Amino acid sequence: MTLAAFSLLLLVQGPALRALPAGPEHWGYLNFSFSPDSKRIVFSRIDDTAKFSVGQVNTWVADADGSNAQTELNGTTDAVFTADGKGLLFTRSEEIHRLDLASKTESKFPTQMKAHSVMPSPARDRIAFTSVLVSFPTP
């Protein structure tokens, strides 16, 4: 017996419901976030279950209804739009990065700690990120 499970990303506007593609080649959706103007959505999708690894997770940007989707990043799952909607913030190798969507230029955001996920404030005037601190008691 073969068991298959897929997660769906469902977009709802008024009475309209749209599910983005799912199936063996698009195994599951992880994270998603709308742009500040609500006209676009960024989402992460596992695109190849046969070789599932972090490298098989792609980050896409699409119109808010799911149309015109384009792959923007590979190997990251936590991308969110920048305050102006012209770029993406995400973590890679425990560092915060910014991708300019027009030029496709990637730059690092300076932090003093290891970052694991990033989120701009609703006002988009600051960011927050998670970091894991491990401390072992001394005997």
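Two residues are in contact when heavy atoms of theirs lie within 4.5 Å. Leaving aside neighbours within four places in sequence, K108 is in contact with E95, I96 and H97.

This is a predicted model, in which local features need pLDDT of at least 70 and side-chain atom pairs count only at pLDDT 80 or more, while totals for chains, interfaces and linings use all residues. Residues are numbered from 1 along each chain as its sequence is written, and side-chain values use heavy atoms, with hydrogens and water left out.

**The chain**

The protein chain has twelve strands and zero helices. Both are DSSP runs numbered from the N terminus: strands are E, at least two residues, and helices are H or I, at least four. Accessible areas come from the Shrake-Rupley method with a 1.4 Å probe; for residues, only the protein chains shown count as cover. Buried means under 20% relative accessible area, exposed over 50%, and partly exposed in between.

| Property of the protein chain | Value |
|---|---|
| Buried share of the 139 residues | 32% |
| Share of contacts with a separation of 6 or more that join residues 24 or more positions apart | 26% |
| Share of the accessible surface of about 8,800 Å² belonging to carbon and sulfur atoms | 58% |

**Residue K108**

K108 lies in strand β10, which spans residues 106–109. Its relative accessible area is 57%, so K108 counts as exposed. The side chain of K108 makes a polar contact with the side chain of E95 at 3.3 Å. Such a contact is a pair of N or O atoms within 3.5 Å; within protein, one must be able to donate a hydrogen and the other to accept it, and residues adjacent in sequence count only if both atoms are side-chain atoms. From C-alpha to C-alpha, K108 and L89 are 9.5 Å apart in space, and they are 19 residues apart in sequence.

Notes. Buried < 20%, exposed > 50% of the residue type's maximum accessible area, 1.4 Å probe, protein only.
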